[in-house]
Amino acid sequence: MELNSKSPTGPIETRWERHCFNGKLVSPANKRKHTIIMVGTGLAGGAAAASLAELGYNVKCFCFQDSPRRAHSIAAQGGINAAKNYHNDGDSVYRLFYDTVKGGDFRARESNVYRLAQISLNIIDQCVSQGVPFAREYSGYLDNRSFGGAQVSRTFYARGQTGQQLLLGAYQALERQIGNGAVTMLPRTEMLDLIVIDGKARGIVTRNLVTGKVESHLADAVVLGTGGYGNVYYLSTNAKGSNATAIWRAHKRGALFANPCFTQIHPTCIPVSGEYQSKLTLMSESLRNDGRVWVPLKKGDKRPPSQIPENERDYYLERKYPSFGNLVPRDVASRNAKQVCDEGRGVGETGLAVFLDFRDSIERLGQPVIKERYGNLFDMYERITGEDPYKEAMRIFPAMHYTMGGLWVDYNLMSTIPGLYVIGEANFSDHGANRLGASALMQGLGDGYFVLPNTIGDYLASTKFEKVDGSHPAALDAERQVAETTRRLLETKGTRSVDSYHRELGKILWEYCGMARNATGLKVALAKIPELREQYWRDVKVLGTGEELNQSLEKAGRVADFFELAELLCLDALERNESCGGHFREEYQTPEGEAARDDEHYSYAAAWEFQGVGKRPVLHKEPLAFEYVHPSQRSYK
Amino acid sequence: MRIILHIWRQRNAGDPGRMVRYELPNVNQEMSFLEMLDVLNEDLIGRNEDPVAFDHDCREGICGTCGCMVNGMAHGPLPGTTLCQLHMRHFKDGDELYLEPWRAKAFPVIKDLMVDRGAFDRIIAAGGYISAATGSAPDGNAIPVPKEDAENSMDAAACIGCGACVAMCPNASAALFTGAKIAHLGLLPQGQPERARRAMAMVAQAKEEIFGSCSNIGECEAVCPKEIKLEVIARMNRDFIQASLTGRM
């Protein structure tokens, strides 16, 4: 299979505009003749559903939550980047483009990233117009903060709830279209298969989570905005319901899955407290602006942090990275925390935590200033741990947070199945091997508001659509397969719950394919995962029936998909014999212990083609060319 | 510690439902409330009993999915806290807790502790937005917003749509929810053109959904996990009355 990225050539500044001009348009009168299915209602999906309906298309929109407003985009705290240069500090579209390509460790497509940087300007304008209450200066103009290691101030924010406010903006735009009758909204409805007819994506099979009814929905195009697959690790900062079922089942129908091993681990999360732990809570990385990260010099030092004297502390980030100190990028901070814990110097009951200490900042700035900057985060910490971070250092540990990999898409955001589009975190497109802070919101909204509405028309206008309905053999076959999977899960009647399997899978992944990976460990994981998967299908216990609300059954299907995805993730990690961004292979590091990329052999996106459960997938490579930002070694020393 | 739970069990909308007693002998005080329910459910599955259905998603207190009555208090006893952010250290050994779903005619029970809050979405669809179609926006800084207005607007916009206000109100009124959106948008210059229409349409829809009227009791404010103030209701009433009388702001 030849992967055609359809990436325009010529000067990068005008690629997007020329590409839009060269695409065919659907005339206003014809738009209402096309139905588009939108799965997922987060920043990408909500924005796309609303924008497509505003254009005049018929939109049928699905989410598994009880309302489109619940999507996990809502939990993003920090902010959204835009190259407005409102602060006259040297920012530009080109600089945001440059930072994103470099931050992604040179594993993203330049054309896509440049477009994202351009569109960042429009996103802020759009959100302001919708009434997103961004932080303001006394002038009434928009406030910015610096974020994620960028040297310019380009992050727009709404307190610590930026994701919530941007999502509500998209949700309200979507509700307006629902009220107008342009969007049919089906909440508590989960996509369980993709219907492919004559090689084109023509619909989906869904299960109504309240009644259990399985049915087909047909359309001219299907868009997936269903988020990332971080929950494959069981413990992550994702919402409990976040899952990979939509993208995985599309993958099994022929959509290639790209760079699954590019996962991001966030350094500042609240540590695990016990076996019952159900998820991990992120604390904004802005805390590293004033907090100092350290562990005791001695192994197994169990004294409270305030009683450990200065000369018995190891501020290991400041020691190893004198110029960036506590502000090194996420991947570097996470790996170093793991390293000191592996040495036996981790703190807290489990020994899997490091201190994030505000003592010196409180002394220097006073408690009121710290409270003003981080009050809500300190409160959250106290609520969860029962400890007062103004008095004792916080304990933090890295946690699975975001997935850069996802379904492969071309410049139009179309997957390898014609008519199947993938937007937001669900695709692999813009962040390469590592995402910068405040860039996920930008990409989700960029794809939904501006990219997809401008690219989908070309496909609709240039494709001939046969009339199809739910009685088509492909639809009936997909429905049958969904029913069969449900039946198997319910009839296994084994001994262990779905959660217990999911937790065990997560532990394998975290151990062998987490912050640091090596070939030996990955081979162990690749032996253990299929074994556990087979045991799951023999022994899982799902009570109840398929014809009612059944939360265990919902989880069971998602975990079945996670098993298959986990195997691909480890295989991809094993095949990529280099370290880059979030993918750190211990065999490939510089003498100083930093990630060593291998541009000669691995400057490509790895796109995998499904061959069957337990069968080795086929690897296709999309070579990456860097015409503007020349690959260099990232250094934060 | 030992916790005794009395949980509302209702198989589906047609089932009359009843309270069922469960005993958890080993609750760790570091657990969140929902993690305690996870443990109960694992236990129930082990005994081949139907696990308790409850809504939850982000478990960070922001998505608004979770919530139930705990001893008659929406989201439990801790102020400004959603159920998922409530930890068991706030209870003591031997406590008996009564868990019930939100009770309101406009929020029909789906199963156990889960209710249908679709009425909230329909109130937003009626007018809880600014009609700014994608692509039509001027530069972000073309519309200055006084800092204080932005802050007040943000206070109201913090609503997570969980429904605790309705569940706690003796009238099952959605005034705090509706008022929060009207205040969020009405405090911003961008929200002015549609302000009158918005208040009329949203209030009418709330009535249509059979939420009760507000009689200024204030239980909603007391249990709101995001501490939305009663002022938003005053603002809603003012906008509604002015719009009803003059048709404009």
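The model is a predicted one, so local features are taken only where pLDDT is at least 70 and side-chain atom pairs only at pLDDT 80 or more, while totals for chains, interfaces and linings use all residues. As for labels, residues are numbered from 1 along each chain as its sequence is written, and chains are lettered from A and ligands numbered from 1 in the order in which they are written.

Chain A first. Its tally comes to 17 helices and 19 strands (DSSP runs numbered from the N terminus, H or I of at least four residues for helices and E of at least two for strands). Chain A is as compact as a globular protein of its length, because its radius of gyration of 24 Å is close to the 26 Å that the globule rule gives for 637 residues; the radius is taken over C-alpha atoms, and the rule is 2.2 Å times the number of residues to the power 0.38. The C-alpha trace of chain A spans about 75 × 60 × 50 Å along its principal axes. Of the 637 residues, 59% count as buried, with 20 or more other C-beta atoms within 10 Å of a residue's own making it buried, 12 or fewer exposed, and anything in between partly exposed, the C-beta atoms being placed from the backbone. Among contacts in chain A with a separation of 6 or more, 74% come from residues 24 or more positions apart; a contact here is a pair of residues whose C-beta atoms, placed from the backbone, lie within 7 Å.

A:Pro296 is buried because 20 other C-beta atoms lie within 10 Å. Setting aside neighbours within four places in sequence, A:Pro296 touches A:Asp301, A:Ile308, A:Glu312, A:Arg313 and A:Arg345.

Domain bounds come from an automatic or database assignment. For chain A this gives domain 1 (265-400) and domain 2 (478-623), with C-alpha centres 30 Å apart. Each of these two domains puts six residues into their contact. On the domain 1 side, helix α9 (residues 330-342) of chain A gives the most, four residues. Chain B is assigned domain 1 (3-111) and domain 2 (117-246), and 29 Å separate their C-alpha centres. Here the contact draws 18 residues from domain 1 of chain B and 17 from domain 2 of chain B.

Then there is the meeting of the two chains, which takes 64 residues from chain B and 63 residues from chain A. Elements giving two or more residues on the chain B side include α1 (33-46), α2 (118-127) and α5 (175-186) of chain B. The largest share of that side, six residues, comes from α1(B). By class, the chain B side has 30 nonpolar, 19 polar and 15 charged residues (Ala, Val, Leu, Ile, Met, Phe, Trp, Tyr, Cys and Pro are nonpolar, Asp, Glu, Lys and Arg charged, and the others, Gly among them, polar).

Finally, the core. The largest nonpolar core has 275 residues, and those with the most contacts inside it are A:Val223, A:Leu407 and B:Val166; such a core is a set of buried Ala, Val, Leu, Ile, Met, Phe, Trp, Tyr and Cys residues joined through C-beta atoms within 7 Å. Helix α16 (residues 551-575) of chain A gives the most to this core, 13 residues. Beyond neighbours within four places in sequence, B:Val166 has contacts including B:Trp102, B:Phe107, B:Phe177 and B:Phe211.
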